[in-house]
Amino acid sequence: MHDIPKQYDPASVEKRILALWLDGKAFAARTDQPGPRFSIVIPPPNITGALHMGHALNNGIQDIAVRYQRMQGKVTVWIPGTDHAGIATQNVVERDLTKEGVTRAQLGRERFIEKVWEWKHTYGNRIIHQLQRLGCSCDWDRLRFTLDSGLSRAVREVFVRLYEKGLIYRGKYIVNWCPRCRTAISDEEVDHQETDGHLWFIKYPVKGSSETITVATTRPETMLGDTAVAVHPDDGRYRSLIGATVILPLAGREIPVVGSSAVDPEFGTGAVKVTPAHDPADFHIAAELGLPAVIVMAEDGTMTAAAGSQFAGMDRFRCRELVIEHLKAEKRIGKIEKYSHSVGHCQRCNTIIEPYLSDQWFVRMKPLAEPALAALDAGQPALLPKRWVAVYRAWLENIRDWCISRQLWWGHRIPVWYCDECGAVVVEKEDPTYCPKCEGALRQDEDVLDTWFSSWLWPFSTMGWPETTAEYQRFFPTDLLVTAYDIIFFWVARMVMASLEFTGQIPFTHVYFTGMVKDELGRWMSKSLGNGIDPIEMIDKYSADAVRFSLAMLTTEGQDVNLAPSKFEMGRNFSNKIWNAYRLLALNEAVCPDVEAKMTRLRSSGELDLSDRWILSRAMRATVEIADCLDRYRFNDAALAAYNFVWRDYCDWYLELIKSRLSGKASEGSVARCVATYVWSVAIRMLHPFMPFITEELWQRCFAGRGMAMHSRWPAANPLYRDEQAEADMELLQGIIRAIRTIRGEMNVPPGKLAPVIVKTESPEVRACLERNLRYVQELARVSALRIAPGFTREEPAACTVVGVSEVFLPLEGLVDIQAERGRLQKDLDRTEQSLRRARQKLGNSDFLERAPREVVEAERTRAEEVEARRDKLLSYLEALS
């Protein structure tokens, strides 16, 4: 066994095993394979992205599910892909061009798109390679892209169908506008940030009167586009002014005072400025009352000529400053208050967005939401955790039309053509060459579709829809979607609506929402805070298996994960533990062939030792528990069960219990080797979904003739191996062994010394179990002689503890220097009591309790309790030596 490295080398193993899988097309699924299937599609990461911890968590969870289902014998497909990420990708390429001194406008649309495709071919699959390093077992030959020809056809098909059904329309509407990206963005793409600002109170003079009406605003620069002042019709303060005319300060334009029930009398002064082109609420008031809209801000965030010559061309925030200066000079500012409010920012570039009136394309969502609500009432899809059902329902019930047009060049160009000769609007699945009405020339709409318009078709478009392909027939609808809760509206709800509309089916049976990954203090990870954790760096340092397993252990159903790099030490330590177990087995020639046939004979031969029967029963119990957890998508519980069985039951106990048998009689050694090998094969398979690299490496080393671990069957829970009595007996022995070890440690008994032990018990079952299995206690607890004495009375210094219905005594004479140990313990007790007095004195100080932060007081109470517990323990040790 000279080829077994002493230390596990994950870097070389992971590189070799990944090549084994990829070269062997190990993840491929065929449509003609018979039997049950399991189907899942990856949430497509942006081509601009690199793997982050959210990806690592999400895709690690998906791979656990996929590998487990594959081992259940199901035809399993996991379809990978990437998203073209319209705004993000265009911004990246534009930044690269800026470094070269070139602008998008200088290149022109066609050449710019060529540049983006060039960038995509160079960098777009970086995240795919990173996902492969994580061990994701996607069918990589089925890799899709939201702008590939197949998905482009699906997008065109859907747009035309919805347009023909009257569910897509074009109109003027207030949209969220990013002046930096120069495009409309959806409500879900706006990041609302609490911002400290001001509330300016501006006095508008009433025409023909000395009276003024004061309005409050957080955006005084938009007043230049006011077309009315609105008050609530039932507000007694202003009822007499409804119908009057006021003069718009700085502009001198006459505008009416109108009544609208949309006005909140409690906000500001109860009178509000109405700016229909730059505020969504004002837009609706204007639509209701027939007020005009004046656009005073351009697409780039500068002021238009309609704002007045003194402000035209000026940046919006500089304009705000100048407007305030002029209003102060004209004594039109009543007062200024500090005001904290939520301000929308573009998720992509963090620019403050502007509500902006423009021509956009929309999808009418209410008719699409109704079938999704009906499906939800029937429990479809099943959302996990269930608390998201209410959130999902509320969004569907209050859904708004979806703005799907974006003022970009990169993306699915809107399939609408205009004829300037006859005014016809042409919407076709194939590009038309001329106007079908007048045969005139056509020009295509300049805008592209929202990136999510292709993503909402992902579950079925990736399988060939609108064609009824073999993939579509075999693998749609899918079984599971794993995604973060932050895109429940962006993506999940829209996929359900699209799937019901175009396929008549729910796209996935279950949706599992992961939490968000934050830093160890619970803060969002961000470049500005510098608290991000790079998964690839963690893989390089700890291994892919360590990253995967640690994340699985840390993620409680749907809860956010607070993460520090040190958390991955758990996974690395577990990998090392597994490797050391393999070395012990291999170096003792305990990996034997044909183990299944040998186990069949041993099971009925009566040769199995208690430890053998115990570990077999524990293995079957763990197999059932882990499978049950994975079937219910309780990934952390499954990981914990696997960890406990492999680390504690198998490595810490069973391998220690059989060491003497491996080096003893040939017959005993043969049985131990056989059982150890059989349970080892179970352990490798139950760990494989969580830690695929090390388990595949060990499978190839130990069971090379049985194919790949990933293609092996999940271990069957053989009821013949369940042995409740063996588990009960071993639990008793473990309790006594642990008790003796604890006493030895607490009383400073040298590790090399054998110690006599007395067990006082009245239980015949305990006595019989100990007598049958005396050597386990002697070997694992370093016991020289074990005496079972029902009527034992302590007459000499001895440490004692209770285990179940028994008492365990360890006489200390000859094991430790009694006098020296008493002296050491007394000094420790004196120090501890002094610390306890100080803590109690502090907690008795009313000034401390009143002035110290609550968490400081609680920490001090906890410390006092710990010191008191230590004091009591030291007293018990001294009593044992008396």
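Is F362 buried or exposed? I began my notes on this predicted model with that residue, and I found F362 to be buried, with a relative accessible area of 3%.

**Entry 1: the whole protein**

Before going further with single residues, I looked up the overall figures. The protein has 882 residues, of which 55% are buried, and its secondary structure comes to 30 helices and 29 strands. I noted that the C-alpha atoms fill a box of roughly 110 × 75 × 55 Å, taken along the principal axes. I then turned to contacts between residues at least 6 apart in sequence, and found that 78% of these join residues at least 24 apart.

**Entry 2: aromatic pairs**

I searched the whole structure for aromatic pairs and the search returned 42 of them. One of these is formed by Y8 and W579, whose ring centres are 5.2 Å apart and whose planes stand at 35°, which makes the pair tilted. Y8 lies in the segment before α1 (10–23) while W579 belongs to helix α18 (residues 569–587), so this pair ties together parts that are 571 residues apart in sequence. I checked the accessibility of both partners: Y8 counts as buried at 9%, and W579 is buried with a relative accessible area of 2%.

I went back to F362 next, and found that this residue forms a stacked aromatic pair with Y169, at 5.5 Å centre to centre and with 20° between the planes. Because Y169 sits in strand β5 (residues 168–178) and F362 in strand β14 (residues 354–363), the pair ties together parts that are 193 residues apart in sequence. Y169 is buried as well, with a relative accessible area of 19%, and I noted that buried means under 20%.

I also wrote down one aromatic cluster, which is made up of F159, Y163, W361, W402, F453 and W456.

**Entry 3: charges over rings**

Here I looked for charged side chains placed over aromatic faces. R67 lies over the face of W21, at 4.5 Å from the ring centre, and K120 lies over the face of F145, at 4.4 Å from the ring centre.

**Entry 4**

I followed β5 and β14 into their sheet, which is open and has four strands in the order β6-β5-β14-β16, with antiparallel pairing. Which strands stand at its edges? I found β6 (183–185) and β16 (402–403) there, each with a single partner strand, so one side of each is left without a neighbour in the sheet. Between β14 and β16, which run antiparallel, I noted two bridges, and F362 stands opposite C403 in β16. Helix α8 (residues 280–289) lies across β5 and β14, and runs at about 145° to β5.

What does α18 pack against? Its partner is helix α24 (residues 692–702), and I recorded an angle of about 5° with the axes 11 Å apart. That angle makes α18 roughly parallel to α24, since angles under 35 degrees count as such.

**Entry 4: a hairpin**

I then looked at strand β28 (residues 798–803) and strand β29 (residues 806–811), which run antiparallel and are joined by six bridges. The two strands form a hairpin with two residues between them, and G804 in the turn has a positive phi of about 60°. Within this pairing, V802 stands opposite E807 in β29.

**Entry 5: two single residues**

I ended with two residues in helices. Q90 has its place in helix α3 (residues 86–99) and counts as buried at 1% relative accessibility. Leaving aside residues up to four places away in sequence, I found Q90 touching A85, R104, F112, L408, W409 and W410.

R741 is placed in helix α25 (residues 724–746) and is partly exposed, with a relative accessible area of 38%. I noted that R741 and A781 are 40 residues apart in sequence and 5.9 Å apart in space, C-alpha to C-alpha. R741 touches W653 and L780, again not counting residues up to four places away in sequence.

Conventions:
Residues are numbered from 1 along each chain as its sequence is written. This is a predicted model: local features need pLDDT of at least 70, side-chain atom pairs count only at pLDDT 80 or more; totals for chains, interfaces and linings use all residues. Side-chain values use heavy atoms; hydrogens and water are left out. Rings of Phe, Tyr and Trp (its six-membered ring) pair if their centres lie within 6.5 Å; planes under 30 degrees apart count as stacked, over 60 as edge-to-face and the rest as tilted. Buried means under 20% relative accessible area, exposed over 50%, partly exposed in between (1.4 Å probe, protein chains only). A charge sits over a ring if NZ of Lys or CZ of Arg is within 6 Å of the ring centre and within 35 degrees of the ring normal. Two strands pair if DSSP finds at least two bridges between them. Contact means heavy atoms within 4.5 Å. Axes are lines fitted to C-alpha atoms, for helices over the stretch in contact, and angles run from 0 to 180 degrees between N-to-C directions. Angles under 35 degrees count as roughly parallel, over 145 as roughly antiparallel, 65 to 115 as roughly perpendicular and the rest as oblique.
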